[in-house]
Amino acid sequence: MTKLFTMTLVMISVTLASTALADDLPGGNCLECHLTIDDGVGELWQDDVHALAGIGCDACHGGDWTQDHSDLAKRPGTGFRGELSAREIVSSCGGCHGDVEYMKERKPLLPVDQLEKYWTSEHGKLLVKGETRVAQCASCHGAHGVREVNDAKSPVYASNVPATCGGCHGDAEYMSDFDIKTTQYDEYVQSVHGKALLEKNDVRGAPACNDCHGNHGAAPPSIDAITNICGTCHSYNAELFLGSPLAPAFKEKSLADCVACHGKHLIRHVADEWEGDKPGATCRKCHEQGEEGSELALYFTDTFGSVRESFDDIEQLLGEAEVKGMDVTEGEDYVEAARQGLMQARTLMHSFSKPVMEEKVSEIAANQAAALEVGYAALQGLKDRRRGLAISTLLLLLLTLGVAIKIRTLPPLD
Amino acid sequence: MSTSPENPDRALLAWAKDRYPIGKFVEWAKHKTVPVGRGAFWYYFGGISLFLFLIQVGTGILLMFYYKGSADTAFESVRFISAKVPFGWLVRSVHAWSANLMILSVFIHMFSVFFMRAYRKPRELTWISGLVLLALLLGFGFSGYLLPWNELAFFATKVGTDIVGVIPLIGEPIMYVLRGGEDVSGSTLPRFFALHVAFFPALLTVFIAAHLFFIQMQGIHEPEAWEAHPEQRKTMPFFPHFFMRELLLWLITLNIVAVLAVFFPAELGIEADPFSSAPAGIKPEWYFLSTFEFLKYMPAHVGPLEGEEFGLLLISLGFLLWCLVPWIDRGRSRRITTIVMVTGVAILVFLTILTYRGFAA
């Protein structure tokens, strides 16, 4: 009797649970039907943030989801709109996401200016002009499988953004009518930013396309905005540059501050060859050999080059001492401090000021000299140790000989 | 007896003799002898082990002047000892090398006693106290290894205490007490420090005293052949003959330690970071390598036991049998003696091969 009661209870619970699950997702008969046909809509809907928030199909598509037959569900008078056009998608999404009162009730922390920004974007402007091949909400977020931005499976999750943008902007055929380069994605993946985001998965630190171009208001930054955009992360570099004599000169020549030297999408680690006055060097783009600017560039190159060479010498010296068993950790600390100094010097270069750089370089040189001193002291210490060992060995040998002689003078064994 | 103010040395001796039975001790020392023969060289390793232990005590005390036994300060204090304290590097290196040589010397001493069958009646307790000393020294080594708080020691201790945790029933509580928590952490270091400088020295002193007491009471084991051929019996006086030879070896040992300390000073590595992942190639000290390797070869499961549990069970049983050797081989059956000796050779070869494989891995 008890067994029967328990089994009945379990069956009722299971039935209720499955009914509750089915009721969880809105969509009613639309969903039931779309799960049976092979259009992927029903599957995608399972993880859609709107579905999980209880928003049904009719919110975007209209129709009557309570009807058993599709003809009845889509009949005139139900407001059924079917597949939405690009313009309709923007209006439909923006209808809710731009409604402050509506969003405040449901997702109060989510911004509500997406639509407003979209119309300022290149995508939005072209859409207004009737170009429907531009990106709209569903192009980036997906249509029926929309996920939270911080969901790693979302196409707009930081590390997925380059591929999402690159899906159109890297397609030469698709972009052929728009007069835009299509090398951005390929260049980006080779850049320091691309490597940091896509290889090291630095989703918090490394910028994706939207960090410079904006999200919904995506557009190429203007020349005046470049320093602000790069300066969002590289704030000290930007501050130094804006205070340098180069800032007004760049403005006068309409040069895009950071981009003029570092490039746009293919930003690489800075190398010493960048500076200097040799043909092909970045500084030579504006400064001819012998000019004041060229002299400064030459100073930077020579300084960084000699600092780098000193590191090689120091590491060789400390390595030699360490291999011979000497403690050179103090020297390594000085090397670390000097390396940090070099990194700071690279930043300070944006002030384009020789006195500022000289001050930093003297600090680096002091740390390098201290490291060298540790290395030489270690090698000298090693000599002293071995000399001490030789003396103590001699003394111990004499003592050993003394004991051996004493043993020989002992009375013989029976 | 009156003192003589003209000769202060004699005066002191006379003063002592007046109060203590020094004469009896001198008389005993004069008559104490050591066997002379083919295996006599091996007798010196007991004394060499004792000498290395005294070096350990001396250098250990010096290191304690500067060592700071907490996770925040240990690494830096060892670094300070190595880099800044005058002769600190030497003291630390001598401490590290003499520890290794002492354990090597104790192993040689143990196997020489085994192969000379010196464990037999009446020296059973000498054998047992010697094995306890070996176990204590291994504990010394294990607890001391963590003290510099470097990465290698940290993860080796993690592996070592993991092995302790495998012991059924008591393993986990022991591991918890040793670690001062679930994992090796900053709480583990003060415990190991306390074990290293208080617990093990106290026990070791007691067992060294007992071990030496047994030896002095019963004398040094003589070759078995002398029982059948007493005419072959040859001895030398402990004072000064044996003592001077021992002193000679101590001086040579001291020189070896000095050479090793100068040419291969103790390394420090990088500071332990409990939140980092274990670097590749973590290995324990050489004297634990054979155990480490042995456990590595265990299958995942043996019957109801986990592989490591089974391995530890085998090692424990082996050690128990090793302790019981004086009662297994009483010298009454040549066959049993042969089996025990062959087993001893097999164990020695087995340990050597496993240690080598551990190094090569």
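Gln368(A) has its place in helix H23 of chain A, where helices (H or I, at least four residues) and strands (E, at least two) are DSSP runs numbered from the N terminus. The structure is a predicted model, in which local features need pLDDT of at least 70, side-chain atom pairs count only at pLDDT 80 or more, and totals for chains, interfaces and linings use all residues. Residues are numbered from 1 along each chain as its sequence is written, while chains are lettered from A and ligands numbered from 1 in the order in which they are written. The model scores ipTM 0.84 and pTM 0.69.

- Gln368(A) is buried, because 22 other C-beta atoms lie within 10 Å. A residue is buried if 20 or more other C-beta atoms lie within 10 Å of its own, exposed if 12 or fewer, and partly exposed in between, with C-beta atoms placed from the backbone.
- Apart from neighbours within four places in sequence, Gln368(A) is in contact with Ser310(A), Ile314(A) and Ala338(A). Two residues are in contact if their C-beta atoms, placed from the backbone, lie within 7 Å.
- Gln368(A) and Ala337(A) are 31 residues apart in sequence, and their C-alpha atoms are 8.6 Å apart in space.
- Ala370(A) is also in helix H23 of chain A, and it is partly exposed, with 18 other C-beta atoms within 10 Å.
- The C-alpha atoms of Ala370(A) and Ile314(A) are separated by 10.0 Å, although the two residues are 56 residues apart along the chain.

**Chain A as a whole**

- Chain A has 23 helices and zero strands.
- Of its 414 residues, 22% count as buried.
- Among contacts in chain A between residues at least 6 apart in sequence, 53% join residues at least 24 apart.

**Confidence**

- Chain A has a mean pLDDT of 88, and 93% of its residues reach 70 or more. The pLDDT is the predictor's confidence in each residue, from 0 to 100.
- In chain A, confidence is highest in helix H23 (residues 354-409), at a mean of 96, and lowest in helix H1 (residues 2-24), at 52.
- Over residues 14-22 of chain A, pLDDT stays under 50, and the model has zero contacts beyond four places in sequence for them. Where pLDDT is low, the predicted coordinates should not be read in detail.
- Chain B averages a pLDDT of 92, and 98% of the residues score at least 70.

**Contact between the chains**

- Chain B gives 24 residues to the contact and chain A gives 18 residues.
- On the side of chain B that touches chain A, helix H4 (74-83) and helix H11 (238-263) of chain B are the elements that give two or more residues. H11(B) gives the most, with 14 residues.
- By class, this side of chain B has 18 nonpolar, three polar and three charged residues. Ala, Val, Leu, Ile, Met, Phe, Trp, Tyr, Cys and Pro count as nonpolar, Asp, Glu, Lys and Arg as charged, and the others, Gly among them, as polar.

**Helices of chain B**

- Helix H3 (residues 44-64) of chain B has 21 residues and should span 30 Å at 1.5 Å a residue, which agrees with its end C-alpha atoms being 30 Å apart. The expected span is 1.5 Å times one less than the number of residues.
- The buried residues of H3(B), among them Tyr44(B), Phe53(B) and Leu63(B), pack against H4, helix H5 (88-115) and H11 of chain B.

**Backbone features of chain B**

- Most residues other than glycine have a negative phi, and most peptide bonds are trans.
- The peptide bond from Lys121(B) to Pro122(B) is cis, with omega near 10°, and Pro122(B) lies in the loop between H5 and helix H6 (124-146) of chain B.
- The peptide bond from Phe239(B) to Pro240(B) is cis, with omega near 0°, and Pro240(B) lies in helix H11 of chain B.
- Arg117(B), which is not a glycine, has a positive phi of about 55°; Arg117(B) is found in the loop between H5 and H6 of chain B.
- Leu169(B) has a positive phi near 65° and has its place in the loop between helix H7 (151-166) and helix H8 (171-179) of chain B. Leu169(B) counts as exposed, because it has 7 C-beta neighbours inside 10 Å.
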